[in-house]
Structures are given as C-alpha cells and as structure tokens.
Amino acid sequence: MELSICGRVAYLKGDWTLNRITQKNIHALADSLVQLASSSHNNQEIDCKQITRFDLSGLQFLYTWLQCFRLRGIEPVLINLPDKLQKVAFCLEFQNCH
C-alpha cells in the first residue's frame, strides 16, 4: 500500500488489503491530506491504476480518505481504476470515478 504525489495527482499503488493497512500508511494518507489540501484546486485526481489488490477493509479505508477530502472542500476524482475496482466502486456508489 503506497501513495505518491506528483503535482496535482495522487498515485495509489500496491496491495490495499487489511494486511497492508499499517499505522505508517495511515499517517502517510493523513499527511497527504494536508499536502494536497494546501493547493488552491477544488478537485483532486486520485490515480488508482497501480492498485494490485484490494479487499473490503482497503475500500473502507479509501472511502474514508476520500470523505476527508470532501470535508476540506476538495472533490476527489478517482481515475484509471482497474476493472474489478471500477465495478466495486460503481456498486458502492463511489462518486466521481472515471
């Protein structure tokens, strides 16, 4: 489970499952909120192309992170979702998934 930021895009990578959600990852995502929210943009692209695995816990963690953006007045936009993740996001009614 990794996060990297390049300009206005946050790139999510790797295994987003319960086994990979660590305190270090939680802190990295919290720090990213501060870093990404400091920009003057109202939208934030989240590139999910390199997510290799996910489970319900990983999706809940991702959903919570997206909600934190919304609470800061930033609308996150998921892009490049792998097919399986796209289907699950649609079923769970994640908004702004492309």
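This is a predicted model: local features need pLDDT of at least 70, side-chain atom pairs count only at pLDDT 80 or more; totals for chains, interfaces and linings use all residues.

Student: What share of the residues is buried?

Tutor: Of the 98 residues in the chain, 36% are buried. As for the contacts with a separation of 6 or more, 73% are between residues 24 or more positions apart. The accessible surface is about 6100 Å², and carbon and sulfur atoms hold 51% of that.

Student: Now helix 1: how many residues does it have, and what is its span?

Tutor: Helix 1 covers residues 23-37, which is 15 residues. From first C-alpha to last it reaches 21 Å, close to the expected 21 Å.

Student: Which residues of helix 1 are buried?

Tutor: Start with the general idea. In an α-helix there are 3.6 residues a turn, so residues three or four places apart point the same way. In helix 1, the buried residues are N25, L29, S32, L33 and L36. Because they span an arc of only 110 degrees around the axis, they lie on the same side of helix 1.

Student: And which exposed residues sit on the face turned away from that buried side?

Tutor: There you find Q23, K24, D31 and V34.

Student: What covers the buried residues of helix 1?

Tutor: The cover includes strand 1 (2-6), strand 2 (9-16), strand 3 (43-54) and helix 2 (56-71).

Note on methods:
Residues are numbered from 1 along each chain as its sequence is written. Side-chain values use heavy atoms; hydrogens and water are left out. Buried means under 20% relative accessible area, exposed over 50%, partly exposed in between (1.4 Å probe, protein chains only). Contact means heavy atoms within 4.5 Å. Accessible areas come from the Shrake-Rupley method with a 1.4 Å probe; for residues, only the protein chains shown count as cover. Helices (H or I, at least four residues) and strands (E, at least two) are DSSP runs, numbered from the N terminus. The expected span of a helix is 1.5 Å times one less than its number of residues. The arc is that of the directions from the helix axis to the C-beta atoms.
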